[in-house]
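Colleague: Thanks for making time for this. Please take me through the model one topic at a time.

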Amino acid sequence: MTDDPLVRVESLQKYYYEQDTFVDRLLGREPQSVKAVDGVSFDIAPGETLGLVGESGCGKSTTGETLLALREATGGHVYFEGEDVFAMGDDDRQRFRRRAQVVFQDPYSSLDPRMTVGDIVAEPLQIHGQSDREGRRERAKELLERVGLSASQVDRYPSEFSGGQRQRVGIARALALEPEFVVLDEPVSALDVSVQAQVLNLLEDLQEEFGLTYLFIAHDLSVVRHICDRVAVMYLGEIVEIGETDDIFEDPQHPYTQALLESVPRAATSEHGRRVDALAGDVPSPRNPPAGCHFHTRCPYAREACREEPPAYDVGRNHEAACFRLDESHAYWESTPIAQNAADSEGADGVGESTGPDESPSEAD
Amino acid sequence: MSHSNGVASRQDVLRVRDLSTRFFTDEGQVNAVESVSFDVRDGEILGIVGESGSGKSVTALSLIDLVESPGRVTSGQLWYRNADLAEEFSDAADGEFVDLRALPTRVRRALRGPSFSMVFQDPMSSFNPSIPVGEQIAEAVEVQRRARANPRSTRSRTQGYGLGRYLLDSVVPTLDYTDDESHERAVELLEQVGIPDPEQRAREYPHQFSGGMLQRAMIAQALAGEPDVLIADEPTTALDVTIQAQILNLLRDIQEERDMSVLMITHDLGVIARMCDRVCVMYAGEVVERGTLEDVFDRPTHPYTEGLLGSIPDLDDPAPRLQPIEGNVPSLLDSEMGDRCYFADRCPKAMTECLQHPPEYEAEGSAEHRARCVLADHPYDEREALPPDYFEAGRPAETGPVDGGTDDDRPAEEAQQND
């Protein structure tokens, strides 16, 4: 039983549609899809922390919200202890909600400013049928103490708390129903580094104490390295690489992961003056993602084959990356390099695209 | 000041001495910047690092006189090396240096652009969304050109954007503020900052640019006046890490090409490590530690600097446990600050003498390593340690929430008092 994943996500898709109003249909416009999440699969074992990293707009938060059924999925399945979340009836859905909670990124907008923190923390209890008001209040006090606040703060309003404290309130609220699984959506990115470290330590302590399973969504790679057991790297709605944290960070396989790791500035004197081979260009729009491998427009190793079909990866517990280069017999090796990107990678002594405007590829825009 | 001429061979271009900026708000006086001193040298990148509310951005705004009411620079001198100005305003001069604060406002304003310019954090909100990017850069070019032609005039230096101007423009297009020459220069600048197809992009509006491209455009705008000192206030904070790497590369290239001085303000110690030669660490409006990059990163003396470095997870070596600084950034309300070391309430090594405000001491390391902490002077003495609950019991009752800077331990103290 313990080998079974707690959460299994299979080909999860979430599309948003533009030009989809009644008027648009009358005018015969084709609805245009934005593929925020486009076929994401992974599983999370009980008690483990899976990190979901990527740059803004890659679909990592949408993945988190869709797998909790907070947004309606366009396709795919999510299994929680083997049960299909999207097929659940109301009762089952209610039970699932008790067991899977979420902590949001922005501690300022995710707490109702007109409710006391006691009411905020106790609200899930009320919704899930604990009618005893005093009991709820006692439980709220307990939870506040557990996350490092004081029980006497139960009647205060969110505006009286600092960002770090508010995030603690958000965590207390998520813990109120004693969930097994918590989606942490950028829980520390709005916080200062010293406070961020406090909250990270708290999350680790809580995980140990309550045996929680985390999906940790973040863009900060050093935070992910610190807290996660396994990591999935997302790019334009797809997972490009997944594996054990140490494997990903020490032996990244996908060119995008490599570039991400290369780009992060380290806080050490050895970092001084380091020239980074920056990835050229910007992230393409998810409205019109590049054909084939989505990364081929920025990839230094891209070849014609990358334009033709999208690479896949095997779902499982192994270190996997979605890149043709990992397959020695793939047609990729026979095809011609895409000139623009290749030229960029060969000028590799650090000039990148920033000095020579003439070499900058413009296709990314 | 003893530290103005150190070992470094480069000359100072700007000497900041005892700069204080206060905000006079309804809740009371906020000491956003307090007695800050540092030097910016020719062709170096100086970093200012600190958490939110530490006063780093206000320091930058104070340098170029952009602090807005209710804030005001209340004391200090800003010595800027400029022989011409020193000659003209000999009252405010000291050798080649001239005190910016003693100059008339119009002269100071004329220095914005050709002497100092600034790159702001959020490129999306720093551009006017209704004007093409090229036009906005051309305007900056035009402003600098007119300033150079007639340095004393501030009249007709800027233009408004209203219906009136629109109508006037349509009727008499020759009255256009910018001319073809400044447009050409704008395109040239866009090209220099690595924007592909600059002529086309110059005609586009800010919303047509991505965040990284717009940040490049802002850098182009800041370069329009060929400034001596470029102030970059969190230039990459709003950007993704791969784009951040591009912008940092660009900033370094530009700095090296033009041998410009850059004042780099950020909360990211990694950015500081990659870019800066020397570093100032700010906390609660003060520079608590400054020195070379090695001084601050390898031999931190102030416990706050140590705490900051201990708070960041290391990308290459996942430490089992982070060492955070307890508590939160304090309120900067004058009435609540007291006359102690501002970090004492969070400091693991607070001693009795920390109840007095410490001066800057010389610290171990290079000749310019300074720390505003008694530990730089003598080692920690456990017998002198403050009891751990000292600040919880001894502080005055709180006066209500403070915007943005509510103290973490204050409600907790109250709780203990009530119990």
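Colleague: Through how many residues does a hairpin join β1(B) to β2(B)?

Modeller: First, some ground rules: this is a predicted model, where local features need pLDDT of at least 70 and side-chain atom pairs count only at pLDDT 80 or more, while totals for chains, interfaces and linings use all residues. Residues are numbered from 1 along each chain as its sequence is written, and chains are lettered from A and ligands numbered from 1 in the order in which they are written. Helices (H or I, at least four residues) and strands (E, at least two) are DSSP runs, numbered from the N terminus. As for the hairpin, β1(B) is joined to β2(B) through 2 residues.

Colleague: And how many bridges join β1(B) to β2(B)?

Modeller: β1(B) covers residues 12-25 and β2(B) residues 28-41, and they run antiparallel. Two strands pair if DSSP finds at least two bridges between them. One bridge sets Thr25(B) against Gly28(B) in β2(B). The number of bridges joining β1(B) to β2(B) is 10.

Colleague: Which residue in β4(B) is the bridge partner of Arg22(B)?

Modeller: β4(B), residues 71-81, runs antiparallel to β1(B) and is joined to β1(B) by 8 bridges. Phe23(B) stands opposite Gly71(B) in β4(B). For Arg22(B), the bridge partner is Arg72(B).

Colleague: In what order do the 5 strands of the open sheet in chain B come?

Modeller: This sheet has antiparallel pairing. The strand order in chain B is β2-β1-β4-β6-β5.

Colleague: Which of these strands stand at the edges?

Modeller: Each edge strand has a single partner strand, so one side of each is left without a neighbour in the sheet. The edge strands in chain B are β2 and β5 (93-94).

Colleague: At about what angle to β2(B) does helix α1 of chain B run?

Modeller: α1(B), residues 56-63, lies across β1, β2 and β4 of chain B. Axes here are lines fitted to C-alpha atoms, for helices over the stretch in contact, and angles run from 0 to 180 degrees between N-to-C directions. Relative to β2(B), α1(B) runs at about 70°.

Colleague: At roughly what angle do the axes of α5(B) and α9(B) cross?

Modeller: α5(B) is residues 133-149, α9(B) is residues 211-223, and their axes come within 8 Å. The two helices are therefore roughly parallel to each other; angles under 35 degrees count as roughly parallel, over 145 as roughly antiparallel, 65 to 115 as roughly perpendicular and the rest as oblique. Their axes cross at roughly 20°.

Colleague: Which residues of α9(B) make the contact with α5(B)?

Modeller: Two residues are in contact if their C-beta atoms, placed from the backbone, lie within 7 Å. From α5(B) come Val133(B), Gln136(B), Ile137(B) and Ala140(B). From α9(B) come Ala217(B), Ala220(B) and Gln221(B).

Colleague: Moving on to the two chains, which helix gives the most to the side of chain A that touches chain B?

Modeller: 51 residues of chain A are in contact with 55 residues of chain B. On the chain A side, α6 (163-175), α7 (193-210), α8 (221-227) and α10 (255-263) each supply at least two residues. By class this side has 17 nonpolar, 22 polar and 12 charged residues (Ala, Val, Leu, Ile, Met, Phe, Trp, Tyr, Cys and Pro count as nonpolar, Asp, Glu, Lys and Arg as charged, and the others, Gly among them, as polar). With 8 residues, the helix that gives the most is α7(A).

Colleague: Is the crossing of α7(A) and α13(B) left-handed or right-handed?

Modeller: α7(A) packs against α13(B), residues 303-311, at an angle of about 50° with the axes 8 Å apart, and the two are therefore oblique to each other. Val193(A), Ser194(A), Gln196(A) and Ala197(A) meet Gly307(B), Leu308(B) and Ser311(B), a contact of 3 nonpolar, 4 polar and no charged residues. A crossing is left-handed if the near helix is turned anticlockwise from the far one by less than a right angle, and right-handed if clockwise. The crossing of α7(A) and α13(B) is left-handed.

Colleague: Which residue in β11(B) is the bridge partner of Tyr283(B)?

Modeller: Chain B also has an open sheet of 8 strands with mixed pairing, in the order β7-β8-β9-β3-β10-β11-β13-β12, and its edge strands are β7 (116-119) and β12 (361-362). Within it, β10(B), residues 278-283, and β11(B), residues 286-292, pair in the antiparallel sense over 6 bridges. The bridge partner of Tyr283(B) is Glu286(B).
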